[in-house]
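Please study the sequence and the model before reading the solutions.

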Amino acid sequence: MRAAMADADVGDDVYGEDPTIRALEEQVAATFGHEAALFCVSGSLANLLAVRSLVPVGTEVLCEAQAHIARAELGAHAAWAGVTMRTWSDPRGLGDPKAIEELLAPDLGPFLVRTAAISVENTHNFCGGSVQPIEMLRDVRALADRTGVRVHLDGARIWNASVASGTPLEDYGRIADVMAVCLSKGLGAPVGSLVVGPADAIDEARVWRKRLGAGWRQAGVLAAAGLHALAYHVDRLAEDHDNARLLAEACGVDPAGVETNIVVIPCADAPALVTAARSEGVLVSALGPQVVRLVTHLDVTRTQAESAAETLGRLLLR
Ligand SMILES: Cc1ncc(COP(=O)(O)O)c(C=O)c1O
């Protein structure tokens, strides 16, 4: 990957002149069956630009209560897109169309906030890397079409979802009006996410990216890392999923419920477990006072996963 970055042809991306970025954008757009894509610095920015391109100021987005856009983007969608959010809850973070339909208010008169979009997250980060079943997503798409609202897909780990479920990436792309995807998670690129959608939405996202000060110049060195990740690091995601199941088993979580590379474990004192694990070289994060999240990725080998499983299993018994 570093060699590919060093060899990258570059140009000024603010003028659309970086050939490596253009190649990445064209490849990713085609992968998801969309017209265009925009390379940007983070998944959070890609989500913000995606949502912003879909919904007018003063409307609402429906999402699951643990969605990254609701919990972990620090209010960006309120601050920069001017939207509110209402949430449904699902233990696996799934987009249950019945729960969504109960919240939908696309046009109830000038008294209630108008629902403009439904957002689904695939895989679902805080709910343990769960995969949204494609049939359920199709039902969400049909509901959106019936009620005239748009669909945003937070596909930060969409390649994990596809490898785990066997669902083609294009099928996931088809359910979304605009989506955000990340190369910097399990795929192992140092930086980089893309907004993917119709050409007019991507044109609008490009304007807002610059407006927010996130236009970049010779970022082809980063796009080259992304192209390398897509060429060499997709199929191996299955190894991360196996490693996650190994960790789950050691931590007393049913591995059958672990679909991809994230394991959420309940424990008595999450900050204490994080500190104890760190002191033994195992980096995990607390999602709450009694919940810890483990993530496997390109840089965690099977041997390291086995060692981490031993460490965590022992610490959890203390
Ligand atoms: C589901 C999901 N969406 C978006 C993001 C944001 O990505 P970034 O950290 O690159 O802003 C994350 C980050 O973990 C995520 O898990």
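**Exercise 1: Contacts with the ligand**

Determine which residue has a polar side-chain atom 2.7 Å from a nitrogen atom of the ligand.

Solution. The model is a predicted one. In it, D154 places a polar side-chain atom 2.7 Å from a nitrogen atom of the ligand.

**Exercise 2: The shell around the ligand**

Describe the residues that surround the ligand and state which helix gives the most to this shell.

Solution. Begin with the members: S42, G43, S44, N47, H68, E73, E121, N125, D154, A156, R157 and K185 surround the ligand. Finally, consider the helices: helix 3, residues 43-54, gives the most, with three residues.

**Exercise 3: A pair of packed helices**

Classify the packing of helix 13 and helix 14 by angle and by handedness.

Solution. Two packed helices are described by the angle between their axes and the distance between those axes. Helix 13 (residues 270-279) and helix 14 (residues 302-317) pack at an angle of about 135°, and their axes are 10 Å apart. Angles over 145 degrees count as roughly antiparallel and those from 65 to 115 as roughly perpendicular. Helix 13 and helix 14 are therefore oblique to each other. Their crossing is right-handed.

Technical notes: Residues are numbered from 1 along each chain as its sequence is written. This is a predicted model: local features need pLDDT of at least 70, side-chain atom pairs count only at pLDDT 80 or more; totals for chains, interfaces and linings use all residues. Side-chain values use heavy atoms; hydrogens and water are left out. A residue is near a molecule or strand if one of its heavy atoms lies within 4 Å of it. A polar contact is a pair of N or O atoms within 3.5 Å; within protein, one must be able to donate a hydrogen and the other to accept it, and residues adjacent in sequence count only if both atoms are side-chain atoms. Helices (H or I, at least four residues) and strands (E, at least two) are DSSP runs, numbered from the N terminus. Axes are lines fitted to C-alpha atoms, for helices over the stretch in contact, and angles run from 0 to 180 degrees between N-to-C directions. Angles under 35 degrees count as roughly parallel, over 145 as roughly antiparallel, 65 to 115 as roughly perpendicular and the rest as oblique. A crossing is left-handed if the near helix is turned anticlockwise from the far one by less than a right angle, and right-handed if clockwise.
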